[in-house]
Amino acid sequence: MIRNMISKKKIIRNSEKPIQKYRFYVQSAFALLCIWIGVEFYFFVRYLESNGTAAFYNRPPGVEGFLPISSMMSFFMFIVTGEIHYAHPAGMFIFFAIILMSLVFGKSFCSWLCPVGFLSELVGDAGERFLKKVFKVKIKMPKWIDYPLRSIKYLLLGFFVFSIFFLMSTMAVRAFLDSPYNLSADIKMFYFFANISRTSLIVLSVLFVLSIFVRSFWCRFLCPYGALLGILNFISPNKIKRNAASCIDCGLCAKACPSSIKVDKVITVWSDECTSCMSCVDACPVEDTLDIFTLLPAKKSFRPGKKWVAIGVVSIFMAVTGIGIISGHWQNKISREEYLYLYKNMNSFGHPTGPEAMKKLNEESYEKSRR
Ligand code: SF4
Ligand code: SF4
């Protein structure tokens, strides 16, 4: 009855400022920024390859955003000692920005900024269209496979967190951060992709193909970063809420959700897979029925609205990284000469396997670089 009483005026169409196009613009801009960083870093590596004879290109600090483990360890050091480690300070600021935006807007980094998330989304969209057109099917993972697979990313996160926060002392973390392995981690990462091994290529190809059939395969099942942000999602006060009184049970929200959340069956979305993408809100045809709300202890929720997710996510990222830049902690303190030394000896730097090994490696190898 109540549903029948809903005025036709309340039924709106998706043309009413859907936020998805703005999300696409933000994702595209961030992806272009990452490509730009990649190009700059390529020229920096070319300079190292020339042994310092080619024109010098500044190393783009943003490349440190692709070193999540090192960034997490720098963040740990900062929390414990208040010191910003000199090797990858930009990585630490980027890590902090992502943590902060997740605390405020849930797992929003995945659907608004992450270039891997963006690529997965594009591949997933193309895969869905292809499967619908050619085989007339839409693949949905059964729960009994979905849940165990989703736990893999938490196991990977648990391994990293346990290794860093429980097995390593502050000294050992510092020794790792000071180690030449960590100092040259960005160059090693560059060569991982530039001279990709057959095994790595096969693994990446398999992940790509799987992403065609199962939307965001990497993000949903394997990404430990996503697992961390998914946990923070539960703490975030901003949640998708449905007004059951005005809902017409059309199911369009659940159909639009890329994370397969049954939005139409809950009042508040409490899910580690919700990325605050706002697809469900855009899809809802009934005014004032689905939106993002700030849960307050009082009965009344505050409604920031979907546009504030867009503005908030971008603002938090720019503010935190801006503080890093303005405070003079964006560029690292490794000189050109040290980079040339690190580049020349890069292949002799193995992964430090224990505090003692790291300390020894650090003392022996890095002292050489300073001579
Ligand atoms: S519940 Fe809504 S905001 Fe969350 S992932 Fe699904 S569509 Fe996006
Ligand atoms: S889109 Fe979802 S919340 Fe909106 S009316 Fe349909 S079922 Fe209800």
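**Chat about the model**

Analyst: Let's start with a loop: lysine 136 sits between α5 (115-135) and α6. Bear in mind that this is a predicted model.

User: Okay, what's the phi of lysine 136?

Analyst: Lysine 136 has a positive phi, about 55°, although it is not a glycine. Most residues other than glycine have a negative phi.

User: And is lysine 136 buried or exposed?

Analyst: Lysine 136 counts as exposed, because its relative accessibility is 66% and the cut-off for exposed is over 50%.

User: What about serine 260, what's its phi?

Analyst: Serine 260 also isn't a glycine, and its phi is positive, at about 55°. You'll find serine 260 in the loop between α13 and α14. Its relative accessible area is 42%, so serine 260 is partly exposed.

User: Switching to salt bridges. How many are there?

Analyst: The structure holds 14 salt bridges. One of them pairs aspartate 186 with arginine 59, with the closest N and O atoms 2.6 Å apart. That pair links distant parts of the chain, 127 residues apart: aspartate 186 is in helix α9 (residues 185-194), and arginine 59 is in the loop between α1 and α2 (68-81).

User: Are aspartate 186 and arginine 59 buried or exposed?

Analyst: Both aspartate 186 and arginine 59 are buried.

User: What does arginine 174 pair with?

Analyst: Arginine 174 forms a salt bridge with glutamate 83, and the closest N and O atoms are 2.8 Å apart. Arginine 174 has a relative accessible area of 29%, so it is partly exposed. Glutamate 83 is at 28%, so it counts as partly exposed.

User: And lysine 107, which residue does it bridge to?

Analyst: Lysine 107 bridges to glutamate 273, with 3.6 Å between the closest N and O atoms. The two are 166 residues apart: lysine 107 is in the loop between α3 and α4 (108-112), and glutamate 273 is in the loop between α13 (252-256) and α14 (279-283).

User: Why do lysine 107 and glutamate 273 count as buried?

Analyst: Lysine 107 counts as buried because its relative accessibility is 3%. Glutamate 273 counts as buried because its relative accessibility is 5%. The cut-off for buried is under 20%.

User: Which residues are linked in a network of salt bridges?

Analyst: The network links Lys107, Asp146, Arg150, Lys153, Arg220, Asp272 and Glu273.

User: Tell me about lysine 153. Where is it found?

Analyst: Lysine 153 is in helix α6 (residues 143-166). Its relative accessible area is 0%, so lysine 153 is buried. Besides belonging to that salt-bridge network, its side chain reaches the backbone oxygen of arginine 220 at 2.6 Å.

User: Let's go to the ligand side. How many residues surround ligand 2?

Analyst: There are 13 residues around ligand 2, and the closest are Cys247, Cys250, Gly251, Cys253 and Cys284. By class, the shell has eight nonpolar, two polar and three charged residues.

User: Now serine 246, where is that?

Analyst: Serine 246 is in the loop between β1 (238-242) and α13. At 14% relative accessibility, serine 246 counts as buried. Its side chain is joined to that of threonine 289 by a polar contact of 2.7 Å. Serine 246 and glutamate 287 are 41 residues apart in sequence, with their C-alpha atoms 8.4 Å apart in space.

User: How far apart are the C-alpha atoms of phenylalanine 96 and phenylalanine 317?

Analyst: Those C-alpha atoms are separated by 9.0 Å, with the two residues 221 apart along the chain. Phenylalanine 96 is in helix α3, and it is partly exposed, with a relative accessible area of 33%.

User: Last one: which residues form the nonpolar patch on the surface?

Analyst: The patch is formed by Leu32, Leu33, Ile35, Trp36, Val39, Tyr42, Phe43 and Tyr57, and together they have about 780 Å² of accessible area. Of these, leucine 32 is in helix α1 (residues 20-49). Leucine 32 counts as exposed because its relative accessibility is 57%.

How values were computed:
Residues are numbered from 1 along each chain as its sequence is written. Chains are lettered from A and ligands numbered from 1 in the order in which they are written. This is a predicted model: local features need pLDDT of at least 70, side-chain atom pairs count only at pLDDT 80 or more; totals for chains, interfaces and linings use all residues. Side-chain values use heavy atoms; hydrogens and water are left out. Patches are made of residues with over 30% relative accessible area and no salt bridge: like charges are joined within 9 Å, nonpolar side chains (Val, Leu, Ile, Met, Phe, Trp, Tyr) within 5 Å. Accessible areas come from the Shrake-Rupley method with a 1.4 Å probe; for residues, only the protein chains shown count as cover. A salt bridge is a side-chain nitrogen of Lys or Arg within 4 Å of a carboxyl oxygen of Asp or Glu. Helices (H or I, at least four residues) and strands (E, at least two) are DSSP runs, numbered from the N terminus. Buried means under 20% relative accessible area, exposed over 50%, partly exposed in between (1.4 Å probe, protein chains only). A residue is near a molecule or strand if one of its heavy atoms lies within 4 Å of it. Ala, Val, Leu, Ile, Met, Phe, Trp, Tyr, Cys and Pro count as nonpolar, Asp, Glu, Lys and Arg as charged, and the others, Gly among them, as polar. A polar contact is a pair of N or O atoms within 3.5 Å; within protein, one must be able to donate a hydrogen and the other to accept it, and residues adjacent in sequence count only if both atoms are side-chain atoms.
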